[in-house]
Amino acid sequence: MLVRVALPVPLYRVFDYRLAPGQVAVVGARVRVPFGRRALVGVVVALPEPGAAYAAREDLRVVSDVLDAVPLLSAALLRLLQWTADYYHYPFGEVIATALPGLLRGGAPALFPPVVFFQLTAAGLGADLAALRRAPRQQAVLQVLQQVPGGLAADDARLLALGNWRGAMQGLVQRGWVVRERRERTQDTSATRQDASATSATLPVLNADQAQAVATVQGQAGHRVYVLEGVTGSGKTEVYLSLMAATLAQERQCLVLVPEIALTPQLLARFRARLPVAMTVLHSGLSEKVRLQGWLAARSGQARVIIGTRSAVFVPWAQPGLIVVDEEHDASLKQHEGLRYHARDLAVLRGYREDVPVVLGSATPSLESLANVAKGAYQCVRLPRRAGGARLPSVRVVDMRRQWHDEGLSVSVLDAISAHLEAGGQVLLFLNRRGFAPALVCEGCGWSAQCPQCDAHLTWHQRAGLLCCHHCGTRSAPVRVCPGCQGRLRPRGEGTQRIEAALARHFPDAPLVRIDRDSTQGREAFEQVFAAIHAQQYRILIGTQMLAKGHDFPGVSLAVILGVDQGLFSTDFRAQERLAQVITQVAGRAGRAERPGEVLIQTFHPEHPFLRTLLQSGYAVVSQDLLEQRRLAGLPPFAAFALIRAEARDSALGEQFLAAVRAYLLPDAQGVAVLGPVPAPMQRRAGWFRAHLLLHAPSRSVLQRLLRARVCEFDALPLARQVRWSVDIDPVDMG
Ligand code: ADP
Ligand code: ZN
Ligand code: ZN
């Protein structure tokens, strides 16, 4: 018996092994095999016939262990992973490894980790709570247990909420009212079950647009892709909830992909409160044990709703029902290293393969999705109005050329802030640049502090007293004077810290909070800060895109958007799309409840046609303009790109390797423009010299025809071993 195994090694091939007598393996099961001098865990992807070609293969090594008696990965999931490997030109075994929880990758059994359970005995069930008057802790524990006939796991939230419950539980065990036992965990206990009757009373009645959206999706069976384009606050989440409830009622599961879990506690809380089913949440901050648990609960069907960040697109499920991609335009759905996949694109493919509807939701859909709508491939469903009667904010441009400004804040903005503060509103300022100033510059000669490792300025972090590189993480103590002319050094440009300091000076009585990666880390820190914002403990909020994503700030009546000019003139062809999205998203944070909102955009280029169109006509119109520009310029989504990157310690090697790649591809590159090699926009980063080769094809299929069976040969090209190279299909970040 032979098995063909995909192994987590950077090689574009699979490996055959022999089964020992008595061993049995099925496709989709893990095996442990010898590989060189190591032992690796891989997944059986085929059972080749031991025909004539193998008769002579005495060299085949023998499988050490078969780890799964039943397939860990279904045939359908293996096909999805194979397709992913082919499309992104990444080794199949490494794609599989990316999709598996770490413990399974390491060979741990595919079982729920056992947990301690507490369950009432018959005596405990009938026990009178009043009898425990003297032992209030035991009384509290008994009360919780009497509500859960199935028993409680030791890490159940309801027990943890009691604080120090263990001693009291021991007391109940001694009374013979509770038994303690180890059980295989049969469900993800992070999943909470709600009492359906308790929540149904609070359901909002869908408005006409929402009802129409739900009816459109439900009116068609099987796979289709819907773009749910709803202005911020239009009630997209209610549409998801309604579709999910219907899916759950058909005994099917729902998979919801979100950009960043830490930024979406409100969304999670709403799902938990409204869907009376077991739910599992998968993201990068989980312990390996919890991740395994969630993965298994999804696979077994115990978790009815699976919510996760991009890698959840690979999670197995037992009863496919519905895939939702929230904020589908968000760049974090694309992985920027290793297997550079786009979770939205894979979600669409997965929905097609598994014949389930896919809903792509956003207030600002990506141009890719809008192009698919225009082609008729996806169906657009619109929510053009805010739900619950809230009005969209009025948006104005503040012309920086004509007025005095202090530390990057214009008089108009400062006046508006004080007016809104006086009226009792909260104020939000958005600037997508952390630190105090993006450069420290000599007044005398223009010298500026550079990162020794990167072609980049160091950012001045005044609070920490450090110069930091935002590209490689280098930190250094500040230089006091210019090393060339001994001149004075001045911070140039603004980051969030500088705005924070200026606001603190102008509005000393208004408590303010800064939210960026320097100030707020981890999910708990987020939740605390957001709770404090909701409780109106802060009047001024200043932050980076962390503030712009998905959050409702009902008290915010003024949103100020700073630093847009960079996006207006960037050479990145996606810069204006991103700017339109971020402006629209930030503007949507203002005035979400009954409070009418105001939005100010500070710029030195108020007459820029892009800004004018965006402000006069909104995202729907500006995105169509941008699409037309892309079509005329032959840029994605009207063309397909692949970016081949190479980096080396030596400045010339990357380009030399890419020249070899170019020479290798050119003879067969009919219809594909091979551009470069050129130095990357930031040529040196973290001490590596970086070069790019861009492939520009009229369609994805033409591009794939060129790359198929060729990327796997790159390693045989000259210099391949001296550079780090990668292939990025449909690149989002061109840097
Ligand atoms: P989105 O996800 O599009 O930003 P939400 O679903 O968060 O919008 O809804 C915005 C606000 O409007 C929420 O406070 C929500 O409770 C409320 N809302 C949504 N749909 C309705 C409705 N049909 N009736 C009343 N309020 C609604
Ligand atoms: Zn100088
Ligand atoms: Zn650096």
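Select M1, V27 and L47 to begin: in this predicted model, these three residues make a nonpolar surface patch of about 260 Å². A patch here is built from residues with over 30% relative accessible area and no salt bridge, with nonpolar side chains (Val, Leu, Ile, Met, Phe, Trp, Tyr) joined within 5 Å and like charges within 9 Å, and the accessible areas come from the Shrake-Rupley method with a 1.4 Å probe, only the protein chains shown counting as cover for residues. M1 sits in the segment before β1 (2-6), where helices (H or I, at least four residues) and strands (E, at least two) are DSSP runs numbered from the N terminus. M1 is exposed, at a relative accessible area of 56%; exposed means over 50%, buried under 20%, and partly exposed in between (1.4 Å probe, protein chains only).

Residues are numbered from 1 along each chain as its sequence is written, while chains are lettered from A and ligands numbered from 1 in the order in which they are written. Local features need pLDDT of at least 70 and side-chain atom pairs count only at pLDDT 80 or more, whereas totals for chains, interfaces and linings use all residues, and side-chain values use heavy atoms, with hydrogens and water left out.

Next, select helix α15 (residues 367-375) together with helix α23 (residues 619-633), which pack at an angle of about 85 degrees with their axes 10 Å apart; axes are lines fitted to C-alpha atoms, for helices over the stretch in contact, and angles run from 0 to 180 degrees between N-to-C directions. The two helices, α15 and α23, are therefore roughly perpendicular to each other, a class that covers 65 to 115 degrees (under 35 is roughly parallel, over 145 roughly antiparallel, the rest oblique). Contact, meaning heavy atoms within 4.5 Å, is made by L367, L370 and A371 of α15 and by residues of α23 including Y619, L626 and R630.

Select D209 and R385, whose side chains meet at 3.1 Å, N to O; D209 lies in helix α10 (residues 208-218) and R385 in the loop between β15 (379-383) and β16 (394-399), so the pair ties together parts 176 residues apart in sequence. D209 is buried at 19% relative accessibility, whereas R385 is exposed at 51%.

Finally, select R402 and D399, a salt bridge with its closest N and O atoms 2.8 Å apart, in which R402 is exposed at 65% and D399 buried at 14%.

Key: A salt bridge is a side-chain nitrogen of Lys or Arg within 4 Å of a carboxyl oxygen of Asp or Glu.
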